[in-house]
Amino acid sequence: MQRKNNILKTNPRRKRGAFAMIMAIAVIVIISTIMALSLSLTSETTKRTVDLYLYEQVALHAKSATELALLDIAQASPCTYTGNTYNFPLGCTGATCIYNAIVTPTYIYYDDPLTLGVNESPCDTAAGTDYILINTPEQNGSVLMDVTVSVNDANITTEPIRYFRRTIQKL
């Protein structure tokens, strides 16, 4: 039977083996290396997960900005909506805004090639708007919207996360 403090008592005639001490140090080094690698892998996986989550959020906010722009276009006079910047969450101001969505519309209208010199587009009378005249009536009255969403807060991510969405919508 072994006593409680027998390990701490040394016998001068009996020497401990150096091999056991070297093996203990080797085991500690191996375990610490494995723990360092797992910590590195965990931090990398966490960053990738956060970036993926932010990218999915930016894609959803791009769809929301497209719908808000369509609502604004429907409420405005023809060809007078020249774009907007939407901040998400809605109603935020300044540093509380995480996402920034910029919508740039380009209107598409049909120009009858048989009536030379006459522009049938309602955008002809609107000042300062971008519009495209086409020769096919299928896309008459459409809007081409470029939506760019980006993350504003540098505390969330250090790399820029941007999402670009181009939509053609019949008005």
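Predicted model: local features only at pLDDT ≥ 70, side-chain atom pairs only at ≥ 80, totals over all residues.
Q: Where does Ser-150 sit?
A: Ser-150 is in strand β4, residues 142-151. Strands are DSSP runs of E, at least two residues, and helices are runs of H or I, at least four, numbered from the N terminus.

Q: Is Ser-150 buried or exposed?
A: Ser-150 has a relative accessible area of 14%, so it is buried. Buried means under 20%, exposed over 50%, and partly exposed in between, with a 1.4 Å probe and protein chains only.

Q: And Thr-148, what does it touch?
A: Thr-148 also lies in strand β4. Leaving out residues up to four places away in sequence, Thr-148 touches Asn-100, Ala-101, Ile-102, Arg-162, Tyr-163 and Phe-164. Thr-148 counts as buried because its relative accessible area is 17%.

Q: How many residues of β4 are buried?
A: Ten of the ten, so β4 is largely enclosed by the rest of the structure.

Q: Which residues are on each side of β4?
A: One side has Ser-142, Leu-144, Asp-146, Thr-148 and Ser-150. The other has Val-143, Met-145, Val-147, Val-149 and Val-151. Both faces are covered.

Q: Why do they alternate like that?
A: In a regular strand the side chains alternate between the two faces of the sheet.

Q: Which strand do ten bridges join to β4?
A: That is β2, and the two run antiparallel. Strands pair if DSSP finds at least two bridges between them. Thr-106 stands opposite Leu-144 in β4.

Q: How many bridges pair β4 with β5?
A: Nine, again in the antiparallel sense. Asp-146 stands opposite Arg-166 in β5.

Q: New topic. How many aromatic pairs does the structure hold?
A: One. Tyr-55 and Tyr-163 sit edge-to-face, 5.6 Å centre to centre, with 70° between the planes. The pair links distant parts of the chain, 108 residues apart: Tyr-55 is in helix α1 (residues 18-75) and Tyr-163 in strand β5 (residues 162-170). Rings of Phe, Tyr and Trp (its six-membered ring) pair if their centres lie within 6.5 Å; planes under 30 degrees apart are stacked, over 60 edge-to-face, and the rest tilted.

Q: How accessible is Tyr-55?
A: Tyr-55 is at 37% relative accessibility, so it counts as partly exposed. Tyr-163 is at 18%, so it counts as buried.

Q: Where is the disulfide?
A: It joins Cys-92 to Cys-97, S to S 2.1 Å. A disulfide is a pair of cysteine sulfur atoms within 2.5 Å.

Q: What is the torsion about that S-S bond?
A: For Cys-92 and Cys-97 the torsion is about 115°, so the disulfide is right-handed. Cys-92 is buried at 15% relative accessible area, and Cys-97 is buried at 5%.

Key. Residues numbered from 1 in each chain as written. Heavy atoms only, no water. Contact = heavy atoms within 4.5 Å.
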